[in-house]
Amino acid sequence: MSDPCSFSSFSSCLTKHLNLLLHVDFDRHVIRGKVQLTVEALEDRFSVLTLDTRDLSVSSVTVNQQPAGFTLGSKHSFKGTPLEITLPSHLSRGQQVIVEVAYETSPSASALQWLTPEQTAGKKQPYLFSQCQAHHCRSMVPCQDTPSIKHTYYAQVSVPKDLVAVMSAVRDGQEVDPQDSGRIIYRFRQPVAMPSYLIAIVVGALESREIGPRSRVWSEKEFVDKAAFEFAETETMLKTAEDLAGPYVWGQYDILVLPPSFPYGGMENPCLTFATPTLLAGDRSLSGVIAHEISHSWTGNLVTNRTWEHFWLNEGHTVYLERMIGRCMEGEMFRQFKARGGWKDLQDSVNTFGADNPLTNLVPSLQEVDPDDAFSSVPYEKGFALLYHLEELLGGPEVFMGFIKSYIQRFAYSSVSTDDWKNYLFFYFKDKVDVLNKVDWNAWMFTPGMPPVQPQYDSTLADACIALSQRWIKATEQDLCGFSESEVKNLSSHQVIEFLSLLLQEEPLPLTHVKKMQDVYNLNASTNSEIRFRWLRLCVRSKWEEAVPLALKMATQQGRMKFTRPLFREVFTFEKYREEAVRVFVAHRAAMHPVTSGLVGKDLKVDASGH
């Protein structure tokens with residue numbers, strides 16, 4: 001068995017535990033580290049251990065405290081550099097050794113973003129955060145960087161005494177650094193085995209507030225009270241998820257609100273979900289992101305995709321569970337409404353990639369494909385659509401949720417492939433195999449483009465959005481005076497998002513129409529980032545020049561890729577402002593997360609030198 005995104009073979013040996021000693025150096029933007037890996041041989045006469053690294057400088061390696069020879073192989077464009085360690089003596093199957101690697105990260109490590117004080121809310125202290133999914137942990141820790149291997153970890157992190165460190169683990173105390181009284185060592189333990197991509201670290205001027213019996217919210221003090229208020233429903237969601245999926249095994253469930261440059265809506269790091277500050281808009285649309293990250297505690301963190309080719313097992317099931325939580329809390333109509341919106345997101349992704357692009361397969365081949373380039377809503381929404389289709393075929397939500405809960409129990413603490421999932425599905429529904437055999441598995445799994453079946457979602461909550469969008473599309477100049485503020489006032493924020501999404505699927509509206517829409521609805525005043533993002537795209541698409549600076553401002557004031565990439569692309573497509581889009585990107589690139597700047601650079605056809 002191997003993983004196309006990793007150099008480390010998981011058929012010859014397994015990492016069981018990591019012990020991390022990290023020294024965070026804000027002056028040089030590096031982490032100096034020692035990692036001790038407990039490695040177990042899976043075959044006899046095992047003698048060479050290969051670890052994943054990326055831009056690490058390795059100073060020494062020992063095996064059971066004896067010096068060991070090591071070589072770094074040649075560098076691969078996105079997989080990094082294999083570190084080959086020759087063991088002093090052969091191991092037999094089942095034997096374990098402790099391999100210690102002393103190393104330092106590069107200032108440009110792809111997992112780490114170092115923020116200057118100016119890039120934080122408080123403006124006084126620097127900040128560091130990591131993002132290891134999918135294959136970036138190797139730039140922070142030499143390891144078997146594949147989701148097929150799960151291990152526990154313990155960490156000790158030395159940071160300047162004015163800063164606080166948190167990790168994707170349970171806090172285990174702190175002490176003054178014996179080497180330097182100006183620093184504190186924070187300790188963490190993660191007793192539940194998990195894949196390397198879930199190792200996470202944040203260091204900054206952090207504060208926390210308790211928001212539930214097992215939850216705290218962490219952020220800079222500027223955001224902490226607002227975040228505590230916004231995430232007040234966390235325990236209710238956790239309990240709802242436990243009723244659906246089984247006990248929560250990770251102990252603590254904390255939420256960390258990051259600075260604006262964090263590239264994702266959320267990241268399901270165990271014990272410490274990362275969340276974008278774009279959620280702090282004073283509306284309930286954030287509950288979907290938190291329900292999603294909570295759901296990952298079961299699908300993703302407890303049962304994990306074996307390689308990134310099976311990413312839909314993480315994301316499709318998590319979207320399914322997230323929408324089941326929404327069903328419990330808001331009702332079935334709400335779940336149907338969200339499912340409809342998801343189908344549109346899938347259409348957008350398929351259109352962006354092209355309907356015959358193999359990256360729109362539910363199970364793509366990632367041979368020589370950078371997993372960051374493959375990231376899209378396909379695994380989320382094509383995955384959800386398949387699970388929803390199966391739910392309809394097999395007896396409805398209660399019946400199918402029974403399967404999901406059983407699947408989680410069966411594969412808890414392990415990593416699975418699509419075949420494992422499918423075999424268990426056939427085993428669980430052995431009395432309905434004739435139904436399962438009628439599913440066009442090849443079309444769902446291995447064929448690009450939209451799924452072979454479009455589920456018929458209930459349109460009750462969407463009808464008002466559809467009717468209003470159609471009125472705007474068909475309106476003549478004379479009809480424009482017939483619109484009124486109450487049309488949008490009567491919609492929920494979810495419905496306003498849907499209304500704008502529907503308009504974005506059509507030909508651009510005439511400029512007179514979007515100007516009238518602003519007069520009547522005053523959408524420029526919206527602080528809900530999901531609404532603002534769609535509204536600004538709509539304006540730029542209709543060539544409203546006053547919206548261009550607003551769109552570029554939103555694209556650079558936060559770095560959530562879901563917003564930043566389409567906003568830049570939209571301005572870039574507006575011929576008159578193409579150079580302005582490039583200029584603004586080049587001016588802001590240094591402050592962006594490395595993954596974001598790399599992908600926006602590709603979108604705008606700008607190379608690393610800025611041309």
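Reply: The unreviewed UniProt entry places the feature "active site" at Glu 293 and Tyr 380; UniProt positions are given in the numbering used here, feature names are shortened, and annotations may be inferred rather than shown by experiment.

The model is predicted: local features need pLDDT of at least 70, side-chain atom pairs count only at pLDDT 80 or more, and totals for chains, interfaces and linings use all residues. Residues are numbered from 1 along each chain as its sequence is written, and side-chain values use heavy atoms, with hydrogens and water left out.

Glu 293 lies in helix α3, residues 286-295 (helices are DSSP runs of H or I with at least four residues, numbered from the N terminus). Glu 293 is buried, with a relative accessible area of 5%; buried means under 20% relative accessible area, exposed over 50%, and partly exposed in between, for a 1.4 Å probe and protein chains only. Not counting residues up to four places away in sequence, Glu 293 touches Tyr 253, Gly 266, Met 267, Glu 268 and Thr 273, where contact means heavy atoms within 4.5 Å.

Tyr 380 is placed in helix α7, residues 378-394. Tyr 380 also counts as buried, at 18% relative accessibility. With residues up to four places away in sequence again not counted, Tyr 380 touches His 292, Phe 311, Glu 315, Gly 316, Val 319 and Phe 375.

Conventions. Helix = DSSP H or I, 4+ residues; strand = E, 2+ residues; numbered from the N terminus.
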